[in-house]
Amino acid sequence: MIKVLLVDDDREFVSSLSAALGGNFEVDKVYTFEDALRIFEPYKYDVALIDIRLSESVHDKRGLDILKEIKAQDPHLPVLIITAYGDIDVAVESLKLGAEDFIQKNKVSLDDYRIILNNLFLTGKLKRKVSSLEARLEKLDPARIIGKDPKIEEVRKLIKLVAEDGHVNVLIRGETGTGKELVARAIHSQGIRKNNPYIPVALASLNKETITSDLFGHEKGSYTGAITRRIGFIEEANGGVIFLDEIGELHPEIQVKLLRVIETKEFTRIGGNKPIKVDVQWVMATHQNLEMMIKEGKFREDLYYRIKTFEIYLPPLRERKEDIPLLAHHFLSLLKEQSRIEVNAISREAMNLLMDYDWPGNVRELKHCLQHAILKAKLSGKKVIEPKHLPQEIYRQDEKDQRIANFD
């Protein structure tokens, strides 16, 4: 059941829409500004529909006041602004205040409202989930770089530098699992844009058919299935930081569009004709050899020089092995808090194995290794991680090294 707050002074429209929505929607109907604020409670509703004008006055915009109040109390509640009048200035104002969309009553059928509200419900559900996960992640794994190696000390200094600048384009380079997204989050959390959005985008995971819409958004009716306007990732990041992970995966056709946005600081949604200005700090990452990709014609040279204004290189774990104990105990503490288990130490023999391993999967592999070892220790009823609790590729590596030594 989708819980809807409907605020509109047109009682006939409210009655018709409530009937059209049917049994999947539970609608609370109010007709005035005062009643809307009286009945509203944070997290009580899944979506809200608010009429701009709640009286006959052409100057009445009390719907926007309700929007402000609702977003202040429940920022992730999707709000659809509705009106009988087409007013582009009001539309822009409502979107700036946090509304998900703006529609004219006479241009949308009652049946379409079911689809629109269901989509908004899913959007709100996802935003609440992401917000909850981000809050938990910030508590359990804050955006700080663990390590005392000089290379990591240098990375921390560079993060602070670009974060305080807030405008320079940053390219983070390093092998898979070295913590490139952690660096991106640190740039946001330590920078002048920390109170504005941070939008991480895993380019490799986006659908090739919809990636343009995902990044740039689209207007209602721009293609089959585009029932409502969609705000893309770039527009969502306005004022903040956008992190494009694995930039080397981007198709050359999209590379051209991205280059244009970076250069001009504006773009147009699919199906739109009005340029949209954006102010973001571009942070991108790759584990690929972009220089080789340029020679092979897979990556645009002009985009390459735009995104590598400032580079941060993350060393692989095998190049900073003295940090392994720090990282291992850091992950052990985090995982212990998450899992509520009693494993609280790593034996010297197990730590020696961790130090001797080359970690092709880098820091990410180390974290997964600790997760594996904690579960195995728990199964054995142990509070200390021993060599036998480690994954086979690490535990057996010691036996392999001994065989080689004996052969020599």
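I count a residue as buried when its relative accessible area is under 20%. The model I am reading is predicted.

**Strand β1**

I began with β1, residues 2-7. I found 6 of its 6 residues buried, so the strand is largely enclosed by the rest of the structure. Next I looked at which way the side chains point. In a regular strand they alternate between the two faces of the sheet. Here Ile2, Val4 and Leu6 point one way from β1. Lys3, Leu5 and Val7 point the other way. Both sets are buried, Lys3 included.

**Neighbours of β1**

Which strands does β1 run parallel to? I found β2, residues 25-30, joined to β1 by 6 bridges and parallel to it. I then followed the chain between these two strands. I used Leu6 as a reference point across the strands. Its bridge partner in β2 is Lys29. In β3, Leu6 stands opposite Leu49.

**Aromatic pairs**

I searched the whole structure and got 5 aromatic pairs. I looked up two of them.

One is Phe13 with Tyr113, an edge-to-face pair. I read 6.0 Å centre to centre and 65 degrees between the planes. Why does this pair tie together parts that are 100 residues apart in sequence? Phe13 lies in helix α1 and Tyr113 lies in helix α5 (residues 110-140), so the contact links those parts. I checked burial for both rings. Phe13 has a relative accessible area of 12% and is buried. Tyr113 is at 0% and also counts as buried.

The other is Phe40 with Tyr45. Their ring centres are 6.3 Å apart and their planes are at 15 degrees, so I logged the pair as stacked. Both residues are buried.

**Charges over rings**

I went back to Phe13 for charged neighbours. The charged end of Lys105 sits over its ring, 4.6 Å from the centre. I logged a second case at Phe33. Arg62 lies over the face of that ring, at 3.9 Å from the ring centre.

**Helix α7**

Last, I turned to α7, residues 180-189. Is this helix mostly covered or mostly open? I found it mostly covered, with 7 of its 10 residues buried. The buried residues are Lys180, Val183, Ala184, Arg185, Ala186, Ile187 and His188. I noted that Lys180, Arg185 and His188 are in that buried set.

Technical notes. Residues numbered from 1 in each chain as written. Predicted model: local features only at pLDDT ≥ 70, side-chain atom pairs only at ≥ 80, totals over all residues. Heavy atoms only, no water. Buried < 20%, exposed > 50% of the residue type's maximum accessible area, 1.4 Å probe, protein only. Helix = DSSP H or I, 4+ residues; strand = E, 2+ residues; numbered from the N terminus. Pairing = 2+ DSSP bridges. Phe/Tyr/Trp six-rings, centres within 6.5 Å; stacked < 30°, edge-to-face > 60°. Lys NZ or Arg CZ within 6 Å of the ring centre and 35° of its normal.
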